[in-house]
Amino acid sequence: MALLKIEHVAKRYGRGRQRKGVLEDINLSIGKGDLVGLVGESGSGKSTLARLIMRLETMDEGEISFSRSGNFYDSCQIVFQNATAALNPTWTVRASLLEPLRLMKGDREGYIKEMLSLVSLSDVHLDRLPSELSGGERQRVNLLRSILVKPELLICDEIVSSLDRLIQKEIVELLKRLNEEMGMAILFISHDLKVVNYLCDRVYVMKDGRIVEDSVKQDGTFVFSHPYAQRLFE
Ligand SMILES: Nc1ncnc2c1ncn2[C@@H]1O[C@H](COP(=O)(O)OP(=O)(O)O)[C@@H](O)[C@H]1O
Ligand SMILES: [Mg+2]
(Lines give C-alpha, C1' and ligand atoms only; values in the text may rest on other atoms or scores of the structure.)
(Ligands and ions follow the chains in the order given, each with its own letter.)
Protein backbone atom coordinates (compact mmCIF):
# COMPACT_ATOMS: atom_id res chain seq x y z
CA MET A 1 0.00 0.00 0.00
CA ALA A 2 1.19 3.51 -0.77
CA LEU A 3 2.27 5.80 2.04
CA LEU A 4 1.18 8.85 0.08
CA LYS A 5 -1.26 8.86 -2.79
CA ILE A 6 -2.14 11.96 -4.78
CA GLU A 7 -5.02 11.66 -7.21
CA HIS A 8 -6.27 14.18 -9.75
CA VAL A 9 -5.18 17.15 -7.68
CA ALA A 10 -5.73 20.64 -9.05
CA LYS A 11 -4.87 24.01 -7.51
CA ARG A 12 -5.81 27.48 -8.71
CA TYR A 13 -4.80 30.89 -7.43
CA GLY A 14 -6.49 34.27 -7.74
CA ARG A 15 -10.06 35.46 -8.20
CA GLY A 16 -12.37 35.92 -11.15
CA ARG A 17 -10.64 36.49 -14.45
CA GLN A 18 -7.26 36.56 -12.73
CA ARG A 19 -7.78 32.98 -11.60
CA LYS A 20 -5.00 30.79 -12.82
CA GLY A 21 -4.41 27.05 -12.65
CA VAL A 22 -1.09 26.22 -11.02
CA LEU A 23 -1.53 22.46 -10.69
CA GLU A 24 -3.59 20.31 -13.04
CA ASP A 25 -4.49 16.62 -12.65
CA ILE A 26 -1.53 15.65 -10.48
CA ASN A 27 -1.16 11.93 -9.80
CA LEU A 28 1.69 10.65 -7.72
CA SER A 29 2.37 7.87 -5.29
CA ILE A 30 5.09 7.22 -2.72
CA GLY A 31 5.54 3.89 -0.98
CA LYS A 32 6.98 3.34 2.49
CA GLY A 33 10.72 3.93 2.44
CA ASP A 34 10.78 5.20 -1.16
CA LEU A 35 13.29 7.75 -2.42
CA VAL A 36 11.35 9.80 -4.93
CA GLY A 37 12.47 12.82 -6.92
CA LEU A 38 10.30 15.65 -8.19
CA VAL A 39 11.94 17.79 -10.82
CA GLY A 40 10.89 20.61 -13.10
CA GLU A 41 11.85 24.13 -13.96
CA SER A 42 11.20 27.03 -11.64
CA GLY A 43 7.50 27.92 -11.51
CA SER A 44 6.29 24.48 -12.57
CA GLY A 45 4.42 24.00 -9.28
CA LYS A 46 6.73 21.82 -7.17
CA SER A 47 6.55 23.89 -3.98
CA THR A 48 2.79 24.33 -4.33
CA LEU A 49 2.42 20.57 -4.44
CA ALA A 50 4.66 20.24 -1.37
CA ARG A 51 2.50 22.75 0.52
CA LEU A 52 -0.64 20.82 -0.39
CA ILE A 53 0.86 17.56 0.88
CA MET A 54 1.82 19.36 4.12
CA ARG A 55 -1.73 20.76 4.45
CA LEU A 56 -0.36 24.29 4.50
CA GLU A 57 -2.88 25.04 1.74
CA THR A 58 -6.04 23.44 0.43
CA MET A 59 -6.53 22.07 -3.08
CA ASP A 60 -9.40 22.81 -5.44
CA GLU A 61 -9.83 19.31 -6.79
CA GLY A 62 -8.68 15.78 -6.13
CA GLU A 63 -7.52 13.84 -3.16
CA ILE A 64 -4.37 13.31 -1.14
CA SER A 65 -4.27 10.32 1.17
CA PHE A 66 -1.51 9.65 3.62
CA SER A 67 -1.55 6.31 5.39
CA ARG A 68 0.35 7.25 8.50
CA SER A 69 0.61 5.40 11.77
CA GLY A 70 0.90 8.38 14.16
CA ASN A 71 -0.45 11.94 14.09
CA PHE A 72 -0.06 13.86 10.84
CA TYR A 73 2.52 16.42 11.90
CA ASP A 74 4.84 13.81 13.34
CA SER A 75 4.51 11.58 10.30
CA CYS A 76 5.07 14.13 7.59
CA GLN A 77 7.74 16.81 7.77
CA ILE A 78 9.13 19.32 5.32
CA VAL A 79 12.50 21.03 5.01
CA PHE A 80 12.73 24.22 2.95
CA GLN A 81 15.61 25.61 0.94
CA ASN A 82 16.22 28.62 3.11
CA ALA A 83 17.51 27.33 6.45
CA THR A 84 18.22 30.87 7.66
CA ALA A 85 14.56 31.81 7.28
CA ALA A 86 13.37 28.52 8.78
CA LEU A 87 15.27 28.94 12.05
CA ASN A 88 14.34 31.53 14.67
CA PRO A 89 17.38 33.87 14.77
CA THR A 90 16.97 34.54 18.50
CA TRP A 91 16.83 30.88 19.50
CA THR A 92 19.88 28.77 20.23
CA VAL A 93 20.24 25.48 18.38
CA ARG A 94 19.16 23.78 21.61
CA ALA A 95 15.91 25.75 21.77
CA SER A 96 15.18 25.09 18.08
CA LEU A 97 15.74 21.37 18.55
CA LEU A 98 13.77 21.09 21.80
CA GLU A 99 10.73 22.79 20.31
CA PRO A 100 9.48 19.92 18.09
CA LEU A 101 9.96 17.57 21.07
CA ARG A 102 7.85 19.52 23.52
CA LEU A 103 5.38 16.62 23.81
CA MET A 104 8.08 14.01 24.26
CA LYS A 105 8.44 12.42 27.67
CA GLY A 106 11.83 11.54 29.13
CA ASP A 107 15.31 12.88 28.48
CA ARG A 108 14.83 15.24 25.55
CA GLU A 109 18.28 16.77 25.82
CA GLY A 110 19.88 13.32 25.85
CA TYR A 111 17.93 12.32 22.77
CA ILE A 112 19.03 15.48 20.97
CA LYS A 113 22.68 14.84 21.84
CA GLU A 114 22.32 11.34 20.47
CA MET A 115 20.80 12.61 17.23
CA LEU A 116 23.33 15.43 16.70
CA SER A 117 26.01 13.01 15.53
CA LEU A 118 23.64 11.78 12.84
CA VAL A 119 24.00 15.15 11.11
CA SER A 120 27.71 15.47 12.02
CA LEU A 121 27.12 18.13 14.67
CA SER A 122 27.99 17.95 18.36
CA ASP A 123 27.26 19.37 21.81
CA VAL A 124 29.34 22.46 21.06
CA HIS A 125 26.72 23.63 18.56
CA LEU A 126 23.85 23.56 21.04
CA ASP A 127 24.49 26.96 22.60
CA ARG A 128 25.02 28.75 19.29
CA LEU A 129 22.62 31.03 17.47
CA PRO A 130 21.87 30.41 13.76
CA SER A 131 24.11 33.39 12.92
CA GLU A 132 27.00 31.56 14.56
CA LEU A 133 26.71 28.59 12.19
CA SER A 134 27.90 28.07 8.63
CA GLY A 135 25.32 27.63 5.86
CA GLY A 136 25.84 23.88 5.83
CA GLU A 137 25.55 23.63 9.62
CA ARG A 138 22.34 25.67 9.55
CA GLN A 139 20.81 23.37 6.98
CA ARG A 140 21.84 20.33 9.03
CA VAL A 141 20.21 21.79 12.17
CA ASN A 142 17.13 22.51 10.10
CA LEU A 143 17.12 18.97 8.77
CA LEU A 144 17.66 17.49 12.22
CA ARG A 145 14.73 19.52 13.55
CA SER A 146 12.49 17.83 11.00
CA ILE A 147 13.67 14.29 11.62
CA LEU A 148 13.69 14.33 15.45
CA VAL A 149 10.09 13.14 15.44
CA LYS A 150 11.07 10.33 13.02
CA PRO A 151 8.61 11.14 10.26
CA GLU A 152 7.56 8.47 7.80
CA LEU A 153 7.77 10.98 4.97
CA LEU A 154 10.28 13.79 4.66
CA ILE A 155 9.75 16.39 1.95
CA CYS A 156 12.93 18.23 0.95
CA ASP A 157 12.16 21.31 -1.14
CA GLU A 158 15.38 22.37 -2.89
CA ILE A 159 17.32 21.93 0.34
CA VAL A 160 20.75 21.69 -1.24
CA SER A 161 20.26 24.23 -4.00
CA SER A 162 22.00 27.15 -2.32
CA LEU A 163 24.84 25.14 -0.78
CA ASP A 164 28.23 24.50 -2.29
CA ARG A 165 29.01 21.10 -3.83
CA LEU A 166 30.86 19.64 -0.86
CA ILE A 167 28.11 20.45 1.63
CA GLN A 168 25.51 19.31 -0.89
CA LYS A 169 27.20 15.95 -1.04
CA GLU A 170 27.23 15.69 2.75
CA ILE A 171 23.50 16.41 2.99
CA VAL A 172 22.65 14.03 0.17
CA GLU A 173 24.66 11.23 1.85
CA LEU A 174 22.82 11.98 5.07
CA LEU A 175 19.45 11.65 3.33
CA LYS A 176 20.55 8.33 1.90
CA ARG A 177 21.49 7.14 5.36
CA LEU A 178 18.22 8.32 6.89
CA ASN A 179 16.41 6.42 4.21
CA GLU A 180 18.44 3.25 4.73
CA GLU A 181 18.69 3.26 8.52
CA MET A 182 15.33 4.73 9.51
CA GLY A 183 13.29 3.61 6.51
CA MET A 184 12.18 7.20 6.02
CA ALA A 185 10.48 7.88 2.69
CA ILE A 186 11.81 11.02 1.03
CA LEU A 187 10.30 13.30 -1.60
CA PHE A 188 13.31 15.15 -2.94
CA ILE A 189 12.34 18.27 -4.87
CA SER A 190 15.11 19.69 -6.99
CA HIS A 191 16.11 21.14 -10.29
CA ASP A 192 19.54 19.55 -9.92
CA LEU A 193 19.21 16.43 -12.00
CA LYS A 194 22.64 15.15 -11.10
CA VAL A 195 21.65 14.89 -7.44
CA VAL A 196 18.25 13.39 -8.24
CA ASN A 197 19.89 10.85 -10.51
CA TYR A 198 22.23 9.81 -7.74
CA LEU A 199 19.77 9.81 -4.84
CA CYS A 200 16.36 8.75 -6.12
CA ASP A 201 14.91 5.47 -7.31
CA ARG A 202 11.95 7.05 -9.02
CA VAL A 203 11.42 10.51 -10.45
CA TYR A 204 8.41 12.56 -11.46
CA VAL A 205 8.92 15.31 -14.01
CA MET A 206 6.74 18.42 -13.81
CA LYS A 207 6.09 21.04 -16.44
CA ASP A 208 3.62 23.91 -16.27
CA GLY A 209 1.66 22.43 -13.38
CA ARG A 210 1.40 18.93 -14.77
CA ILE A 211 3.36 15.76 -14.27
CA VAL A 212 4.51 14.92 -17.75
CA GLU A 213 6.30 11.70 -16.93
CA ASP A 214 7.61 9.45 -14.21
CA SER A 215 10.39 6.96 -14.43
CA VAL A 216 11.78 4.18 -12.24
CA LYS A 217 15.55 3.80 -12.20
CA GLN A 218 16.76 0.71 -14.00
CA ASP A 219 20.41 -0.32 -14.08
CA GLY A 220 21.32 3.00 -12.51
CA THR A 221 19.53 5.28 -14.99
CA PHE A 222 16.16 6.81 -15.67
CA VAL A 223 14.61 6.30 -19.07
CA PHE A 224 12.10 8.80 -20.45
CA SER A 225 9.88 8.86 -23.49
CA HIS A 226 8.61 12.44 -23.18
CA PRO A 227 10.92 14.80 -25.10
CA TYR A 228 10.78 17.42 -22.35
CA ALA A 229 11.98 14.92 -19.73
CA GLN A 230 14.63 13.60 -22.08
CA ARG A 231 15.96 17.09 -22.65
CA LEU A 232 15.99 17.83 -18.92
CA PHE A 233 18.03 14.75 -18.14
CA GLU A 234 20.36 14.95 -21.11
N1 LIG B 1 0.09 32.16 -3.26
C2 LIG B 1 0.16 32.25 -4.58
N3 LIG B 1 -0.65 33.08 -5.29
C4 LIG B 1 -0.60 33.15 -6.63
N5 LIG B 1 0.24 32.45 -7.38
C6 LIG B 1 1.10 31.60 -6.76
C7 LIG B 1 1.10 31.46 -5.33
N8 LIG B 1 2.04 30.54 -4.99
C9 LIG B 1 2.60 30.15 -6.16
N10 LIG B 1 2.04 30.78 -7.21
C11 LIG B 1 2.38 30.56 -8.64
O12 LIG B 1 2.31 29.19 -8.89
C13 LIG B 1 3.30 28.78 -9.83
C14 LIG B 1 4.09 27.63 -9.25
O15 LIG B 1 4.90 28.09 -8.20
P16 LIG B 1 5.78 27.11 -7.31
O17 LIG B 1 4.92 26.01 -6.80
O18 LIG B 1 6.49 27.94 -6.31
O19 LIG B 1 6.80 26.51 -8.39
P20 LIG B 1 8.23 25.82 -8.18
O21 LIG B 1 8.36 25.43 -6.76
O22 LIG B 1 8.21 24.66 -9.12
O23 LIG B 1 9.25 26.83 -8.61
C24 LIG B 1 4.11 30.02 -10.13
O25 LIG B 1 3.67 30.54 -11.35
C26 LIG B 1 3.81 30.94 -8.98
O27 LIG B 1 3.91 32.27 -9.38
MG1 LIG C 1 9.85 25.90 -5.35
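## Around ligand 1

An oxygen atom of ligand 1 lies 3.3 Å from a polar backbone atom of Ser-44, a polar contact being a pair of N or O atoms within 3.5 Å.

## About the model

This is a predicted model, in which local features need pLDDT of at least 70 and side-chain atom pairs count only at pLDDT 80 or more, whereas totals for chains, interfaces and linings use all residues. Residues are numbered from 1 along each chain as its sequence is written, chains are lettered from A and ligands numbered from 1 in the order in which they are written, and side-chain values use heavy atoms, with hydrogens and water left out.

## The three-stranded sheet

Three strands form an open, antiparallel sheet in the order β2-β1-β4; strands (E, at least two residues) and helices (H or I, at least four) are DSSP runs numbered from the N terminus, and two strands pair if DSSP finds at least two bridges between them. Because β2 (20–31) and β4 (61–66) stand at the edges with a single partner strand each, one side of each is left without a neighbour in the sheet.

Strand β1 (residues 2–13) is joined to β4 by five bridges, and Glu-7 stands opposite Glu-63 in β4. Helix α1 (residues 46–53) packs on this sheet, touching β1, β2 and β4, and its direction makes about 120 degrees with that of β1; contact here means heavy atoms within 4.5 Å, and angles run from 0 to 180 degrees between N-to-C directions of axes fitted to C-alpha atoms, for helices over the stretch in contact.

## A hairpin

Strands β8 (residues 202–207) and β9 (residues 210–216) run antiparallel and are joined by six bridges, with Met-206 having Ile-211 as its bridge partner. Two residues lie between the strands of this hairpin, in which Asp-208 takes a positive phi near 45 degrees.

## The nonpolar cores

The largest nonpolar core has 47 residues, and Phe-188 is one of those with the most contacts inside it; such a core is a set of buried Ala, Val, Leu, Ile, Met, Phe, Trp, Tyr and Cys residues joined through side-chain atoms within 4.5 Å, buried meaning under 20% relative accessible area with a 1.4 Å probe, protein chains only. Helix α7 (residues 165–182) gives the most to this core, with five residues.

Technical notes: Buried < 20%, exposed > 50% of the residue type's maximum accessible area, 1.4 Å probe, protein only. Polar contact = N/O pair within 3.5 Å; in protein donor to acceptor, adjacent residues only side chain to side chain.
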